[in-house]
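Thanks, everyone, for making the time this morning.

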Amino acid sequence: MAAKARRRAATADKRELVQAVSEAMFRADPVGINFETNTDEYDPEAETLVIALPEAKGPEDVMVLTHQCFVEWFDDETAGPPSRYTAVAEEIWDLWQRYTQHGR
């Protein structure tokens with residue numbers, strides 16, 4: 001099974017969360033690929049992160065996971081320092097908390 005299909009299968013019951021995380025990443029644009037018309041640009045990274053979110057215990061863990069995700073998808077230089085992901089990680093943590101509080 002292709003990587004994209006595996007990510008889609010692993011997040012099939014979390015598509016709303018994936019969309020919200022992708023939108024947060026698009027607004028934050030940590031690697032500078034937001035060209036305003038490519039709104040799905042961060043979907044693969046969002047899927048990768050949503051799969052990893054159950055490991056997170058707080059916003060700092062989300063920051064580390066998000067940074068790791070971008071290193072995996074791009075490279076160390078493009079991803080930049082973990083601190084670049086602080087604000088978006090806090091937003092993603094809030095999304096994750098709302099998602100898990102609704103019994104999902």
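Predicted model: local features only at pLDDT ≥ 70, side-chain atom pairs only at ≥ 80, totals over all residues.

Let me begin in helix α6 (residues 86-101), where Trp96 and Tyr99 are three residues apart and are therefore separated by about one helical turn. Residues are numbered from 1 along each chain as its sequence is written, and side-chain values use heavy atoms, with hydrogens and water left out.

How many aromatic pairs does a search of the whole structure find? The search gives four, where rings of Phe, Tyr and Trp (its six-membered ring) pair if their centres lie within 6.5 Å, and where planes under 30 degrees apart count as stacked, over 60 as edge-to-face and the rest as tilted. The ring centres of Trp96 and Tyr99 are 5.8 Å apart with the planes at 15 degrees, so this pair is stacked. Trp96 has a relative accessible area of 9% and is buried, and Tyr99, at 6%, is buried as well; here buried means under 20% relative accessible area, exposed means over 50%, and partly exposed is in between, with a 1.4 Å probe and protein chains only.

Elsewhere, Tyr42, Phe70, Phe74 and Tyr85 form one aromatic cluster. Phe70 sits in helix α4 (residues 59-73), and its relative accessibility of 0% makes it count as buried. Leaving aside residues up to four places away in sequence, Phe70 touches Met25, Pro30, Val31, Tyr42, Glu45, Asp75, Ala79 and Tyr85, contact being heavy atoms within 4.5 Å. Thr66 also lies in helix α4 and likewise counts as buried, at 0% relative accessibility. With that exclusion of residues up to four places away in sequence, Thr66 touches Met25, Leu49, Tyr85, Val88 and Ile92.

Turning to helix packing, two packed helices are described by the angle between their axes and the distance between the axes. The axes of α2 and α3 come within 8 Å and cross at roughly 120 degrees, these axes being lines fitted to C-alpha atoms, for helices over the stretch in contact, with angles that run from 0 to 180 degrees between N-to-C directions. That makes α2 oblique to α3, given that angles under 35 degrees count as roughly parallel, over 145 as roughly antiparallel, 65 to 115 as roughly perpendicular and the rest as oblique. On the α2 side, Arg15, Leu17, Val18, Val21, Ser22 and Met25 meet Asp43, Glu45, Ala46, Glu47, Leu49 and Val50 in α3. The loop between α2 and α3 holds Asp29, whose phi is near 45 degrees, a positive value in a residue other than glycine.

That brings me to the charged residues. Side chains of opposite charge can pair when their charged atoms come close. The rule used here for a salt bridge is a side-chain nitrogen of Lys or Arg within 4 Å of a carboxyl oxygen of Asp or Glu, and by this rule the count comes to five. Glu47 forms one of them with Arg8, the closest N and O atoms being 3.8 Å apart. This pair links distant parts of the chain, with Glu47 in helix α3 (residues 43-52) and Arg8 in helix α1 (residues 3-10), 39 residues apart.

Glu47 also forms a salt bridge with Arg15, with 3.0 Å between the closest N and O atoms. Since Glu47 lies in helix α3 and Arg15 in helix α2 (residues 15-28), this pair ties together parts that are 32 residues apart in sequence. Is Glu47 buried or exposed? At 3% relative accessibility Glu47 counts as buried, whereas Arg8, at 42%, counts as partly exposed, and Arg15, at 25%, is partly exposed. Arg7, Arg8, Arg15 and Glu47 are linked in a network of salt bridges.

Finally, the side chains of Asp13 and Lys14 meet in a salt bridge at 3.3 Å, N to O. Asp13 is exposed, with a relative accessible area of 57%, while Lys14 is buried, at 19%.

Methods. Helix = DSSP H or I, 4+ residues; strand = E, 2+ residues; numbered from the N terminus.
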